[in-house]
Amino acid sequence: ECLILDARSNERFLGITNEPRKGLNNGNIPGSINIHYKILTNKKGEFVNEQKLKKILKNNKIKKKDEIICTCGSGITACNIFFALHLLKHKNIKLYDGSWAEWGKK
């Protein structure tokens, strides 16, 4: 009943590239949505404007009423999605700090 947003690269999310940590499976949490954290920022590392952030969420069918869990490889880059959602006034957001390092253990 919640959305899981994964901030890892598309290659890692799809399991095309091996995980950088040993002992982890490749792939993603079933039903999760990949939003690579780098699309949320410009070349200077600043968040893109509000309109672009809203478009990214709209393209992924994410709504303000959704319960959202942000994840990545270790819980760090997921914070980029979490903060972008916060900037857009989303209220029901959580961070899975164990992320793929926990979920993807062999």
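Reader: I take it that contact means heavy atoms within 4.5 Å. On that basis, what covers the buried residues of α2?

Author: The cover of the buried residues of α2 includes α3. Helices (H or I, at least four residues) and strands (E, at least two) are DSSP runs, numbered from the N terminus. Please note that this is a predicted model, in which local features need pLDDT of at least 70 and side-chain atom pairs count only at pLDDT 80 or more, while totals for chains, interfaces and linings use all residues. Residues are numbered from 1 along each chain as its sequence is written, and side-chain values use heavy atoms, with hydrogens and water left out.

Reader: Which residues of α2 are buried?

Author: Leu53, Ile56 and Leu57 are buried in α2. They lie on the same side of α2, because they cover an arc of only 95 degrees around the axis. The arc is that of the directions from the helix axis to the C-beta atoms. Buried means under 20% relative accessible area, exposed over 50%, and partly exposed in between (1.4 Å probe, protein chains only).

Reader: And what does the face turned away from that buried side carry?

Author: That face of α2 carries the exposed residues Gln51, Lys52, Lys55, Lys58 and Asn59.

Reader: Let us move to the sheet. What is the order of its strands?

Author: The sheet is open and has 4 strands in the order β2-β1-β3-β4, with parallel pairing. β2 and β4 (93-95) stand at the edges with a single partner strand each, so one side of each has no neighbour in the sheet. Two strands pair if DSSP finds at least two bridges between them.

Reader: How many bridges join each pair?

Author: β1 and β2 are paired by 2 bridges, and Asp6 stands opposite Asn34 in β2. Between β1 and β3 there are 4 bridges, with Ile4 opposite Ile69 in β3. Strand β3 (residues 68-71) is joined to β4 by 3 bridges, and Cys70 has Leu95 in β4 as its bridge partner.

Reader: Where does α3 lie relative to these strands?

Author: Helix α3 lies across β1 (3-6), β3 and β4, and runs at about 165 degrees to β4. Axes are lines fitted to C-alpha atoms, for helices over the stretch in contact, and angles run from 0 to 180 degrees between N-to-C directions.

Reader: What sits over the ring of Trp100?

Author: The charged end of Arg8 sits over that ring, 4.7 Å from its centre. A charge sits over a ring if NZ of Lys or CZ of Arg is within 6 Å of the ring centre and within 35 degrees of the ring normal.

Reader: How many aromatic pairs does a search of the whole structure find?

Author: The search finds 1 aromatic pair. Phe47 and Phe83 form this pair, with 5.5 Å centre to centre and 55 degrees between the planes, and it is tilted. Rings of Phe, Tyr and Trp (its six-membered ring) pair if their centres lie within 6.5 Å; planes under 30 degrees apart count as stacked, over 60 as edge-to-face and the rest as tilted.

Reader: Why does the pair tie together separate parts of the chain?

Author: Phe47 is in the loop between β2 (33-34) and α2 (50-59), and Phe83 is in helix α3 (residues 78-87), so the pair links parts that are 36 residues apart in sequence. Phe47 is partly exposed at 26% relative accessibility, and Phe83 is partly exposed at 38%.

Reader: Turning to the backbone, which residues have a positive phi although they are not glycine?

Author: Lys89 is one of them, with a phi of about 70 degrees. Ser99 has a positive phi of about 40 degrees. Most residues other than glycine have a negative phi.
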